[in-house]
Amino acid sequence: MALSVLQKLEILADAAKYDASCASSGGAKRNARGGGIGSVTGAGICHAYTPDGRCVSLLKILLTNFCIYDCSYCVSRRSSDVARARFTVDEVVGLTLDLYRQNCIEGLFLSSGIARSADETMEDLTRVARTLRDAHGFRGYIHLKTIPGADEALIAQAGRYADRLSMNVELPTEPSLTRLAPEKSACEIRVGMASTRMRIDEAKDDRVAYARGRGRAKPPRFAPAGQSTQMIVGADNTSDADILTASSSLYASYRLKRVYYSAFSPTGHAAAALPSRPVPLLREHRLYQSDWLLRFYGFGVDELRGSMPDGMLDLAIDPKLAWALQNRDRFPVDLNRASKEELLRVPGLGTKAVQRIVASRRSGRLRLDDVARLTASIKRARPFLTALDWHPGASLDHAFLRDRLAPQPVQLPLL
Amino acid sequence: MYLVSLPADLSADDAPFRDAARRALSLNLAPEKVSFSANGEASLLGPLPDAKAAPLTVPPGFVELMELAILHRAAERYDLLYQMLWRLKHGEAGLLARASDPCVARLQGYAKAVRRDIHKTHAFVRFSEVQDNMGTLHLAFFEPKHFTLRRSAPFFRDRFAGLRWRIETPVGTVNWDRETLSFGAAVSAPSEPTRANGASGELWQTYYRTTFNPARLRIDAMTAEMPKHYWRNLPEAAQIQKMIREAGSRERTMLDSAPSPAPRFAERIAERRAFAEETQAPLASLEAIKQSAGACTRCPLHAGATQAVFGEGPKDAALMLVGEQPGDQEDLAGRPFVGPAGQLLDQALKDAGIARSEAYVTNAVKHFKYEPRGKRRIHKKPNAGEVSACRWWLDAEIAEVRPQLIVALGATAGLSLFGRQVSVMKERGQIFESAQGRVLLTVHPSYLLRLPPEERAREYGRFVADLAIAARVLSGPVEVAA
């Protein structure tokens, strides 16, 4: 019996929910005042949150969950006994526009199983985006998955219609990929990301040249919100240190906007090659924190490795605090004199707090109370800094400093 | 002590506050001498005496802060704004940058809360479709926390310019008729139609329920971003309790489910794929070597690189050029010498009378060695172990192409071809007989790129001269160094 659109939605949204990325940030600013429907403001919007704490920003679905591959971590692998479905192009377009008009979503995140071939799947994904844009004047956000091994020309098409492209590296190392997804090629995935980066660079160069008066026609945009990727954490035994090393090389190589970490969790359609227990979500959280330290706080991956003696992040305390406790000789930092770079390394001080400290101290030296108004985490910061009226004294050297700063276990909130 | 009584909602026009503040300032009233109150409560204090409001200049950031903070519901916002104006005027011109000041911190906190409320309005308004005499109207009921409706409205106008829509709230109504925004009276409760269709329909409810992963319950993370205040008007929120209640048992079922037997089509697909792989046509020899090199893991460099960059050119080329390793651009494109050094090489070859298309161009090391730094990759010289691990592939290329002359570009190529450290500056421009055949040593073009411009021209000339030797060798006999 043919499935209804709602039944397909249940199957194909369920299959897509394991992809962590749902961001709608970046993108070329535009609106519907000149026709069509939809807008992109540059800042993403989360239209709802589900009880897993995740943001619902885009309609995140697969075009189909039929797949010829057999990647053991994936709920849609060919040997999985899930229900299968396939949307038509018009069904996806209709769903997107309906939910968009109700103001439930920022746009569409479309991925797909490989029903027959990489090229055919890439073509189908692009057809949905093209129909939304050209036939319906849709100006909202579109994130398309690019399929490893798909023809370059097809990816070039996809980037014309999508705000963001992404290709998942799936696992942090090549041997893990070979073990869990023997039919996928790590090289093919990296080549795919490389080709997207080259096209993004090229489109940017062309637009810069155009802005300087070279060339007559305005060059088309290519994935203006950049590209991202995702890796599954805990399906293999790669250490956090090696995961972060892999990420920093991905950021440098393909100028990714984001590397998403997705803690391996059971799907109800278990594969024998995988661990049977889920990975603590806290591990995923610590990886994101470390990822931030690498990108916005001036930390090098080797520095972080240094504070992970067994290669794993401390689950009890955040990675900056862990690093600071290992490097106490670099503290306390004088709030009124230290450089921005030094302040960024103080636990409890975020990038915004640091900016405000630097701006505030121009008109007078700061006391501890002043800083307390600039950050929510003054207790964590206090042992690592000096202010006009504050010195941590010997507490910085206390052996029990870690225990004192580690958050107390709390009972989960009931609702 | 005077009292200034103002309306609570100044979102349509904040002139009453601006006027009063200017008057108080021209009367030189210190903040302790004047009190601002919202809602015109009865008071024993007298109103502000008449005075000409002198024009007042403020730093640009202040207006923005004021316009946002004034929309907050906090009773003290007017007083704090006046305090700040007073201090800006009396010697604290840089006050705005001092976020650590209690007054500034509070006002910035209010502005932040207002911005967040606007953002949440953009996020959480849910439209239902209702029919009226003009057709379809997209109708929503929403309860913002502050007086933010007017600030939130342009977003919906820009996004849904082609639709008719109306948002009703307890602080007013905004209406868009496809041409103009208009504002109307407050509405205290949702009318029936907004409850019936649209976002409360099956589509959204189904999607919201399905995209939730019960194995990742994190209620605190949800409520931090979607505070319960907003739940009343979010149709999907009605499902939350049930989703949470059932999460535990759903997770247990998932964890306990044993690996299930594969569906029948899985095996058929697997067989078809295996067959397709077996029946691939055999590759010509150089192609076959290239394909094996693509899977090379003889040294650790493959892990961080995009791909092995194999040589390219005619497979019977008389001339082979060997560089060091691919760089950033070569690694991405999968072709040797396509980056800046490659462009310089092309020019130099041309000036030496050699067509690049007739040469076989490759590298001593096939994978890019680098150190990640932010969004860049910093080139790192391959070490002797990596060079010797990659010798295998270079040897295979030489054996296949059998060039009459090899040009080693730089020390790494020299190390690979001679099996010893070479001194490029001393040994350049000479032809050596090696196990690989005749080899001419010269600099790597990227060496030229690192030179200051005045030296580069001279060194470029020497580089072209070295390449010209290669051109002569290929066209006639030339003396070979010991």
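The structure is a predicted model. Chains A and B touch, with 72 residues of chain A in contact with 74 residues of chain B. The domain assignment gives chain A domain 1 and domain 2, while for chain B it gives domain 1, domain 2, domain 3 and domain 4.

**Domains**

- In chain A, domain 1 is made of two stretches, 5–166 and 173–228, and domain 2 spans 328–405.
- The centres of domain 1 and domain 2 of chain A, taken over C-alpha atoms, are separated by 42 Å.
- In chain B, the assignment places domain 1 at 2–119, domain 2 at 125–199, domain 3 at 203–248 and domain 4 at 285–475.
- Domain 1 and domain 4 of chain B have C-alpha centres that lie 70 Å apart.

- Several elements of chain A each supply at least two residues of the side that touches chain B, among them the helices α1 (5–16), α2 (89–101) and α12 (351–360) and the strands β1 (48–49) and β3 (58–62).
- The largest share of that side, six residues, comes from α6(A), a helix at residues 186–211.
- By class, the side of chain A that touches chain B has 34 nonpolar, 20 polar and 18 charged residues.

**Three-stranded sheet in chain B**

- Chain B has an open sheet of three strands in the order β2-β1-β3, with parallel pairing.
- The strands β2 (34–38) and β3 (46–47) of chain B stand at the edges with a single partner strand each, so one side of each has no neighbour in the sheet.
- Five bridges join strand β1 (residues 2–6) of chain B to β2(B), and the two pair in the parallel sense.
- Within this pairing, B:Y2 has B:V34 in β2(B) as its bridge partner.
- Helix α3 (residues 77–89) of chain B packs on the sheet and touches β1 and β2 of chain B. The direction of α3 makes about 145° with that of β2(B).

**Strands around β15 in chain B**

- Strand β15 (residues 437–442) of chain B pairs with strand β13 (residues 405–409) of chain B in the parallel sense, over four bridges.
- In β15(B), B:T442 stands opposite B:L409.
- Strand β14 (residues 431–434) of chain B is also joined to β15(B) by four bridges, but these two run antiparallel.
- B:E433 stands opposite B:R438 in β15(B).
- β14(B) and β15(B) form a hairpin, with two residues between them.

**Helix packing in chain A**

- Helix α7 (residues 240–254) and helix α8 (residues 281–296) of chain A have axes that come within 11 Å and cross at roughly 45°. That angle makes α7(A) oblique to α8(A).
- The crossing of these two helices, α7(A) and α8(A), is right-handed.
- Residues making the contact include A:I243, A:L244 and A:Y251 of α7(A) and A:L287, A:D291 and A:R295 of α8(A).
- By class, the contact has five nonpolar, three polar and three charged residues.

**Helix packing in chain B**

- The axes of helix α4 (residues 102–124) and helix α5 (residues 149–159) of chain B come within 9 Å, crossing at roughly 40°. This makes α4(B) oblique to α5(B).
- The crossing of α4(B) and α5(B) is right-handed.
- In α4(B), B:I118, B:T121 and B:H122 meet B:R151, B:S152 and B:F155 of α5(B).
- This contact has two nonpolar, three polar and one charged residues.

Definitions and conventions: Residues numbered from 1 in each chain as written. Chains lettered and ligands numbered in written order. Predicted model: local features only at pLDDT ≥ 70, side-chain atom pairs only at ≥ 80, totals over all residues. Axes fitted to C-alpha atoms, helices over the stretch in contact; angles between N-to-C directions. Parallel < 35°, antiparallel > 145°, perpendicular 65-115°, else oblique. Left-handed = near helix turned anticlockwise from the far one by under 90°. Contact = placed C-beta atoms within 7 Å. Nonpolar A, V, L, I, M, F, W, Y, C, P; charged D, E, K, R; others polar. Domains from an automatic or database assignment. Pairing = 2+ DSSP bridges.
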